[in-house]
Number of protein chains: 2
Amino acid sequence: MNIRTIDYKNNKIRIIDQTKLPHKLVYINIERLEDLWQAIKIMRVRGAPALGAAAGLGMYLGIKDYRGSDWLGFSRRLNKAAKYIASSRPTARNLFWGIERVCLVAANNKKQPVAKIKKIILSEGKKIMQEDMASCRKIGAYGSKLLKDNSTVLTICNAGILATIDYGTALGVIYRAKEEGKKIKVFSCETRPLLQGARLSTWELYKQDIDVTLIADNTAAKLMGDGQVDLVITGADRIAANGDSANKIGTFNLAVLAKYHKIPFYVSAPQSTFDLIIKDKAGIKIEMRKPEEITSILFKKDIAPKKSRVLNPAFDVTPHQLISGLITDKGIIRPPYFKNISKIFLGK
Amino acid sequence: MNIRTIDYKNNKIRIIDQTKLPHKLVYINIERLEDLWQAIKIMRVRGAPALGAAAGLGMYLGIKDYRGSDWLGFSRRLNKAAKYIASSRPTARNLFWGIERVCLVAANNKKQPVAKIKKIILSEGKKIMQEDMASCRKIGAYGSKLLKDNSTVLTICNAGILATIDYGTALGVIYRAKEEGKKIKVFSCETRPLLQGARLSTWELYKQDIDVTLIADNTAAKLMGDGQVDLVITGADRIAANGDSANKIGTFNLAVLAKYHKIPFYVSAPQSTFDLIIKDKAGIKIEMRKPEEITSILFKKDIAPKKSRVLNPAFDVTPHQLISGLITDKGIIRPPYFKNISKIFLGK
């Protein structure tokens, strides 16, 4: 695609600063782990697959300046970086997966000189990016089979280019369908509070020349009731072994509305979003964010009485019973999920 | 209550300019029908019952300066005012009911001198206000029986003091429960696009010392799933003979979510919101509003690409099957609605 969310160039992580969209397309370079932590926290970079890559590359930022040559000291530094990155945001599985992957490859090479391990870590971070690019294209290829010419898809938040390296999961399905010559119409829920649907999805869908209509999140039921939605496709931040899927707050709403209206509801995510150690939604930690995300719009204009009491969970969990299928890089998983997720990823 | 949304004083309609809330409580005086039309259009005054009173008083503004003394000329002027007010917003039944009521009382007195008919019309406008104050208190009294001490109510938009003369329908139920010594907790959906929940309901609930927590509309499913909502109460803009209820966009979403979670869902409205000529939702006209309500926040800060295609219906219709009961000034109506609505209002 013509947009790249994360890259590693000239010894720096280069990201699109998504807080500046849709007004300006600004790339920033990150050299210090603290700046990456902050960028994740305030969501300059966001989206589960993108966070996996950011975490992987961030691990390199955390150790690249280590002066010693001993594994013990190096591994302490590595663990410190791991804990630090892990403290940025709790819900997206990929962030932890990126960290763990780097820790594992380092441990597997602990007999190598530290300088070599550093190179291996950087190359692992880059590999995560490469793999994501391939994964998203596989998700797109599997998912696009669900779309016919003139299908209308409803989506929420941004599970597109900007949530991955360069292609997207939910929106990747749409991009692939377009590549296959299908005309797809998209309804993008604006996605309060941080408006990723309005700011990011609408922006990138325009750039890719997809027919997109922006709606308030509140309009979803009416649209479905009016017969204007063929299917819902969302991304995911963490998927439990039974298929329960955490994603942006409001996703669960759409799943219930889709069920009521008998509209298929799909979740799209790469294997790295699955957390098979967690049995079901009870094990998924939901990030709670600042009240100011609700009491103001993008921290600018107040829209509620000052000091309003606010509840601001960033995610909800859609129970697997409401999900028609999980579009993954290994194929579309159908119910029964516990059995079929295990089969596709663990081969048993 | 200590707040009065609409009044008639010194030959002027005095309203709270709700576009200025929650920042400033500003009263404005309206002397010209054109200014009232504009105030309704841009929602300085809104809420179905308040619009009924505004329309009734507006009819007086439309005829008070008529110079002639002939019924024919006067009635032409009256009809012109009626058509003009009716063109402001299409969905709330009360607006048309207020207009029709004034037209009827004028026609019934057409043999009187024009000066006398003018007085009768003004007095009809004031009567609508008085009746609304009484109606809301009856709705409150019937509805509060549904609430126990420590009940938690979810609501959307503003069906409170600011949607009526001085008490509210959905929020009136909560005020009454409080007067009865019950402690009620309220979750207020912020209600995109125009944020009446964040700007108006949160503001007036604070003023009335009610425990209110503001949420993004997207948080409703999670809250219900977490067992934090005992019942949903909303207002209505127009209710068909079969109970199908138009209300602020997003209400239908809440009704579906409540059904899924087995949470009672109530609609509260005075008789003047019922439109018994309309059989079901197919007959309810839904107002479509400007894209800028979605692409910017309160017309200030852009949040989506310029010229985004937008769909912005101001209302949706909740099918009667999803409604546990209609809390009216004549009692709580239960299913079967077609039969019971007819019985309570028409006595047959």
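In the predicted model, the axes of helix 3 (residues 71-86) and helix 4 (residues 93-108) of chain B come within 10 Å and cross at roughly 175 degrees. Axes are lines fitted to C-alpha atoms, for helices over the stretch in contact, and angles run from 0 to 180 degrees between N-to-C directions; helices (H or I, at least four residues) and strands (E, at least two) are DSSP runs numbered from the N terminus. Helix 3 and helix 4 of chain B are therefore roughly antiparallel to each other, a term used for angles over 145 degrees. The contact (heavy atoms within 4.5 Å) involves, among others, Trp71(B), Leu78(B) and Ile85(B) of helix 3 and Phe96(B), Ile99(B) and Val102(B) of helix 4.

Chain B also holds an open sheet of 3 strands in the order 1-2-3, with antiparallel pairing; two strands pair if DSSP finds at least two bridges between them. Strand 1 (6-9) and strand 3 (27-30) of chain B stand at the edges, each with a single partner strand, so one side of each has no neighbour in the sheet. Neighbouring strands are turned by 30 degrees against each other on average, direction ignored. Strand 1 and strand 2 (residues 12-16) of chain B are joined over 4 bridges, and Asp7(B) has Arg14(B) in strand 2 as its bridge partner. Helix 2 (residues 48-63) of chain B packs on this sheet, touching strand 1, strand 2 and strand 3, and its direction makes about 25 degrees with that of strand 1.

Chain A is divided into domain 1 (6-137) and domain 2 (141-346), with bounds from an automatic or database domain assignment. The domain centres, taken over C-alpha atoms, are separated by 25 Å. The contact takes 30 residues from domain 1 and 35 residues from domain 2 of chain A.

An open sheet of 7 strands in chain A has the order 6-5-4-7-10-16-17 and mixed pairing. Its edges are strand 6 (211-215) and strand 17 (331-333), each with a single partner strand. Strand 16 (residues 325-328) and strand 17 of chain A run antiparallel and are joined by 3 bridges; Leu326(A) stands opposite Ile333(A) in strand 17.

Residues are numbered from 1 along each chain as its sequence is written, and chains are lettered from A and ligands numbered from 1 in the order in which they are written. Local features need pLDDT of at least 70, side-chain atom pairs count only at pLDDT 80 or more, and totals for chains, interfaces and linings use all residues, while side-chain values use heavy atoms, with hydrogens and water left out.

Conventions: Angles under 35 degrees count as roughly parallel, over 145 as roughly antiparallel, 65 to 115 as roughly perpendicular and the rest as oblique.
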